[in-house]
Amino acid sequence: MPLPSVRSRARRRPLVAALFSALALAATAVPAGAAPTAGFAPVPPHNPYAGPDGTATMHGDTGSSDTTPLAGPGAGPLASKRVALASACPTVLVGSDGHPVVLCTPIFGQVPTVHPLDPADGSSLTTLRLTKGSLLGGVYAYLDDEDRLVVVDGSRHLLRVAHRKDASGKWHLSLDRSLSLASAVPADDAVTGLSPDWQGRVWFATGNGVVGLADDRTGRVTTLRLPAGERVANSISTAPEGTAVTSTHATYLLTADADGTPAIAWRQAYDRGRARKPGLLSWGSGSTPTFLGPKTGTDYVAIVDNADTTVRLKVYRTDGGAEICSIPVLQASGGPGSENSPVGAGNSVFVAGTYGYPYPALPDGAGPSVPSSADFAGGLTRVDIRPDGTGCATVWDNTLRSAAVPKLSTATNTLHTVLRDPLVPGTGGTGLLDPYRYVQIDPETGRVTRSQQVGVGSLYDTLQMAGTVAPDGAYLQGTVTGVLRITAG
């Protein structure tokens with residue numbers, strides 16, 4: 001989960017020269033007898049009210065699978081370019097017209113700003129400033145079926161922002177539609193996640209536990225409130241069966257009747273631990289819930305809990321909420337925590353660890369962490385659900401320190417992410433001079449197959465933001481200061 005700030009709390013480390021090019025690949029433990037997977041499919045079905053699969057949402061699709069049908073950088077030498085926008089850019093999307101649209105929060109002023117980018121070089125074509133809200137308000141957004149950015153701003157308005165070029169060739173951003181949610185969202189609250197359903201309505205959830213359904217064609221807004229004390233600190237996911245929401249206490253599947261009134265289909269509590277952990281932004285699961293499954297692509301819902309010493313991947317049946325498995329993950333790294341949405345496709349789930357990641361700012365109400373600080377542990381685990389749906393098994397577990405939400409290309413069976421390596425190989429700390437490198441990972445083994453350093457130092461901090469594969473093969477990755485554009489050839 002990204003944050004719009006660059007006030008570093010990272011601990012300083014002594015400068016050690018000439019180490020950046022000598023970083024070793026992390027070892028991978030592959031259990032004996034682990035069965036290989038020929039492919040990772042299916043993925044959640046296309047939502048007709050969202051943009052292209054893989055690029056319409058921060059997590060790829062409305063099911064938050066963190067998969068893409070696009071291949072990413074192809075053959076040839078890898079190169080990267082930093083597009084400096086003086087902003088943290090957590091939301092990097094691409095519409096059917098091939099134009100990236102990013103939602104950024106400037107370092108100075110922290111007013112959410114929309115940028116359409118030139119697909120050729122990543123430069124900003126124009127900007128639109130939105131009303132400022134809470135730290136996490138306005139972070140999550142998606143592209144609709146007309147390539148418009150759908151977002152809720154700090155004034156609690158549901159907006160559809162279009163990008164168009166006029167006759168002179170100049171680009172403009174405009175509000176095509178606006179609906180006030182003030183009747184549903186209290187003034188001291190803010191929308192943290194939103195996603196369209198299969199009828200074109202927009203589901204949303206707020207930090208203080210209001211879940212609602214808005215139709216900006218008719219103006220109708222309906223809500224329900226989760227139990228007292230439950231907050232929503234991550235985004236939400238939609239599938240034909242309903243909407244998945246994970247609060248700081250439980251995971252829900254919600255449905256709506258014909259008039260749009262939300263209702264709880266099922267609720268599954270999880271172990272939230274005794275406190276927030278370092279490297280997480282809330283006291284509870286850090287997961288945007290992930291839809292996945294071997295039949296429809298949405299047979300199951302997956303999250304990672306916040307248990308004290310060993311976190312577990314929790315997988316539930318979408319139909320009824322029965323638990324499929326509760327299996328320990330991130331054991332090789334020893335870092336019990338993940339702020340990231342699991343990657344899910346077919347029967348496979350990939351979990352990236354964020355325990356100890358040095359976020360420069362925290363949302364209001366995050367509370368103290370226990371312990372107060374920790375080294376960034378990282379870790380990446382693959383778990384497969386048994387074909388008969390009776391449980392899960394670990395396929396591999398490694399110590400790679402992903403500094404971003406990984407993306408799985410189903411076109412090439414490749415995991416893409418950016419690693420944050422320690423300045424001193426073999427150590428676990430973080431500092432202002434850490435090197436960052438883009439990597440491609442074989443999802444069958446968890447081993448890095450391709451690597452390219454993208455930069456050194458805090459300007460390149462990817463802050464656990466999600467990357468996006470563009471149609472031209474470029475990998476677009478938000479950082480605390482703009483967007484990295486990684487290409488090949």
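pLDDT is the predictor's confidence in each residue, from 0 to 100. This is a predicted model: local features need pLDDT of at least 70, side-chain atom pairs count only at pLDDT 80 or more, and totals for chains, interfaces and linings use all residues. Residues are numbered from 1 along each chain as its sequence is written, and side-chain values use heavy atoms, with hydrogens and water left out.

**View 1. Confidence along the protein.** The average pLDDT of the protein is 91. A score of at least 70 is reached by 91% of the residues. Residues 1-37 have a pLDDT below 50. Beyond near neighbours in sequence, this stretch still has 104 contacts in the model. A contact means heavy atoms within 4.5 Å.

View 2. Strands here are DSSP runs of E with at least two residues, numbered from the N terminus. Two strands pair if DSSP finds at least two bridges between them. Strands of a sheet pair through backbone hydrogen bonds, either parallel or antiparallel. In this sheet the order is 8-9-10-11, and the pairing is antiparallel. The edges are strand 8 (142-143) and strand 11 (171-180), each of which pairs on one side only.

View 3. Strand 10 covers residues 157-165 and runs antiparallel to strand 11. How many bridges join strand 10 to strand 11? There are 9 bridges. One of the bridge partners in strand 11 is Ser-180, which faces His-157 in the pairing. Another is Leu-173, the bridge partner of His-163. Between the two strands of the hairpin lie 5 residues. Gly-169 takes a positive phi near 90° in this hairpin.

View 4. Asp-147 sits in the loop between strand 8 and strand 9 (149-152). Is Asp-147 buried or exposed? Asp-147 counts as buried because its relative accessibility is 10%; buried means under 20% relative accessible area, exposed over 50%, and partly exposed in between (1.4 Å probe, protein chains only). Leaving aside neighbours within four places in sequence, Asp-147 is in contact with Gly-95, Ser-96, Asp-97, Val-161 and His-163. Gly-95 is 52 residues from Asp-147 in sequence. In space, their C-alpha atoms are 5.1 Å apart.

View 5. A cavity is a set of points, on a 1 Å grid over the protein atoms alone, where a 1.4 Å probe fits but cannot get out; lining residues have an atom within 4 Å of a point. Grid points are joined across faces, edges and corners, and a volume is the space filled by probe spheres set on the points. The whole structure holds 3 cavities of 30 Å³ or more.

View 6. Ser-64 is not a glycine, yet its phi is positive, at about 55°. Ser-64 lies in the loop between strand 1 and strand 2. Ser-64 is buried because its relative accessible area is 3%. Leu-330 is not a glycine either, and its phi is positive, at about 60°. Leu-330 is placed in the loop between strand 23 (323-328) and strand 24 (343-345). With a relative accessible area of 2%, Leu-330 is buried.

View 7. Ala-41 and Pro-42 are joined by a cis peptide bond, with omega about -5°. Pro-42 is in the loop between strand 1 (28-29) and strand 2 (67-68). Val-370 and Pro-371 are also joined by a cis peptide bond, with omega about 0°. Pro-371 is in the loop between strand 25 (348-352) and strand 26 (380-385).

**View 8. Ile-264 in strand 19.** Strand 19 spans residues 262-269 and contains Ile-264. Ile-264 is partly exposed, since its relative accessible area is 43%. Not counting residues up to four places away in sequence, Ile-264 touches Leu-224, Tyr-252, Leu-253 and Leu-254.

Technical notes:
Helices (H or I, at least four residues) and strands (E, at least two) are DSSP runs, numbered from the N terminus. On a 1 Å grid over the protein atoms alone, a cavity is a set of points where a 1.4 Å probe fits but cannot get out, and a pocket is an open set with protein on both sides within 12 Å along at least five of seven lines; lining residues have an atom within 4 Å of a point.
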